[in-house]
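Subject: Handover of a structure

Dear colleague,

I am passing the structure below to you for your records.

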Amino acid sequence: MKGIEIKRIGNNYYAYKSTTVWDKEKKKRRKVSRYLGKYVDGKIVKVREIASIRGVYELGNVSLLWHIIEKSGIKSMLQKTFPDEWEEIVLLAFNRVLNPQPLKSVKLWYEKTYLAKLISPALSPKSLSSYLREIGSDAAAQREFFRRLIGKDEKIVYDTTSIFTYSKNINLAELGYNKEHLLLPQINILLAFSKKRKLPCYIRVVPGSIMDAKTLRVFVEEINDKRAFIVLDKGFLSQDNFDVLSKYDINFIIPLRRNSRAIDYSKHLRKVFVFRERAIKCTRYSYENFYVYLFEDILLRAEEENEFYNIREKGVKLTFNRKVSGKIALLSNVKANPEEIYLLYKSRDEIEKVFHVFKNVLQADRPYLRDDDSIRGHVFVSFVALYIYYHVLNKLLKLNLSNKLSVKDVLLELSKVYAIELNDRIIVSEIPKKAQQLANLFNLDIELFPKKVRS
């Protein structure tokens with residue numbers, strides 16, 4: 001640019017118009033610079049333009065979540081299954097991930113983020129509550145969404161948790177026993193987690209009085225995928241469940257109780273593999289129409305025996321059975337490598353973490369859980385938030401950064417990048433070094449994002 005001089009002052013760049021004038025006193029030419037404005041994104045932001053800023057929005061964190069829903073296909077799936085509500089779902093899911101707020105405060109949050117330039121959802125608490133009831137009542141749309149979401153040849157971990165409510169308008173809230181065997185008004189939430197992709201892939205709400213084992217039939221009917229592989233817990237041990245699994249030809253793993261007649265503790269455990277620095281002995285044998293996988297955790301056996309002697313030393317009378325000590329038996333209809341079966345079973349630890357995150361996400365909605373459909377709607381929206389959250393977490397795990405950075409850390413750092421709306425365009429603020437590094441890790445072009453989504 002002829003006659004334009006760009007100067008760097010601190011971390012910013014500024015543009016000046018340079019000319020020369022005759023200095024009568026010194027009798028020589030001297031340089032005169034006139035300030036034009038800030039030099040941003042290859043353009044000069046004039047002084048008068050700076051004074052006419054129309055809005056400043058959090059950009060970096062929103063751009064990452066938007067990038068995720070587009071790349072993962074979630075946005076497209078929501079548009080197809082919930083064409084009239086998809087924007088409200090995205091609004092609340094983003095809020096649950098970034099900064100969970102009750103419905104009455106969502107509008108204030110939305111207006112200070114770049115999401116306000118991407119979608120135009122309903123914003124009043126009354127309207128959002130109405131949309132959530134519609135989402136919750138549309139079981140067919142939810143079912144279609146999950147069918148699109150569950151991938152091929154999945155290995156699915158399936159578990160349940162409960163939330164408690166004393167609202168009189170919620171028919172789903174029925175007396176049921178929690179894990180502490182307390183009889184409370186509760187709602188059961190069933191969640192399926194893809195072992196292959198390390199992502200949640202299904203959720204469903206059922207009355208609190210229904211035992212876990214009774215919910216399996218509906219789940220299997222809804223996923224309707226014979227390639228699915230389900231990891232269950234002991235609560236599903238029943239002939240009825242085996243009949244359902246056989247009918248739909250679903251692959252499964254389920255732990256056996258130590259006194260099960262299917263377990264032959266006399267079997268010699270010939271093979272050994274290492275799991276998290278623990279030596280595991282194993283074997284596999286046939287039982288009726290199934291396979292039993294028997295494992296012995298050598299360290300666990302020593303711990304159990306040590307605990308036995310410590311308790312006996314205190315005068316408590318106990319019996320110790322060395323043949324079952326440290327052993328785990330799994331039943332399956334699949335013939336596979338014992339190590340693979342063991343790893344699939346241990347993936348249940350993942351779903352415990354998922355439930356912890358999910359309950360935190362759902363917490364913001366508690367004041368609005370007033371009827372069955374609203375609960376189903378809130379749970380579905382929270383599921384979408386959970387799905388997005390795990391996309392970020394999985395990237396940190398893949399890069400071995402999860403011990404140094406949390407999902408919250410990433411989003412907070414990226415929130416330091418703002419979009420500044422002027423009269424005729426949107427510019428991006430300075431990008432801090434750490435935010436830029438994170439953007440690079442997630443293949444995110446924050447500076448180009450406003451142009452891409454507006455084009």
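E277 counts as exposed, because its relative accessibility is 79% and the cut-off for exposed is over 50%. The model is a predicted one, and E277 lies in it within the loop that joins β12 (271–275) to β13 (278–287). Although E277 is not a glycine, its phi is positive, at about 65 degrees.

The loop between β13 and β14 (290–297) holds a further residue of interest, E288. E288 is not a glycine, yet it has a positive phi of about 50 degrees. With a relative accessible area of 59%, E288 is exposed.

Helix α10 follows in the sequence. This helix covers residues 298–313, 16 residues in total. From the first C-alpha to the last, α10 reaches 23 Å, which is close to the 22 Å expected at 1.5 Å a residue. Where α10 starts, a side-chain oxygen of D297 comes to within 3.1 Å of the backbone nitrogen of L299. Just after α10, the residue G315 adopts a positive phi of about 95 degrees.

Regarding cysteines, how many disulfides does a search of the whole structure find? The search returns zero. Are C201 and C282 buried or exposed? C201 is buried, with a relative accessible area of 0%. C282 also counts as buried, at 3% relative accessibility.

Some figures describe the chain as a whole. It has 455 residues, and buried residues make up 49% of them. Its secondary structure consists of 16 helices and 17 strands. Among contacts in the chain with a separation of 6 or more, 62% are between residues 24 or more positions apart. The chain exposes about 24,100 Å², and carbon and sulfur atoms supply 48% of that area.

Lastly, a word on confidence. The mean pLDDT of the chain is 81, and 78% of the residues reach 70 or more. Over residues 169–177, however, the pLDDT is below 50. In the model, this stretch has 41 contacts beyond near neighbours in sequence.

Yours sincerely

Key. Residues are numbered from 1 along each chain as its sequence is written. This is a predicted model: local features need pLDDT of at least 70, side-chain atom pairs count only at pLDDT 80 or more; totals for chains, interfaces and linings use all residues. Side-chain values use heavy atoms; hydrogens and water are left out. Helices (H or I, at least four residues) and strands (E, at least two) are DSSP runs, numbered from the N terminus. The expected span of a helix is 1.5 Å times one less than its number of residues. A polar contact is a pair of N or O atoms within 3.5 Å; within protein, one must be able to donate a hydrogen and the other to accept it, and residues adjacent in sequence count only if both atoms are side-chain atoms. pLDDT is the predictor's confidence in each residue, from 0 to 100. Contact means heavy atoms within 4.5 Å. Buried means under 20% relative accessible area, exposed over 50%, partly exposed in between (1.4 Å probe, protein chains only). Accessible areas come from the Shrake-Rupley method with a 1.4 Å probe; for residues, only the protein chains shown count as cover. A disulfide is a pair of cysteine sulfur atoms within 2.5 Å.
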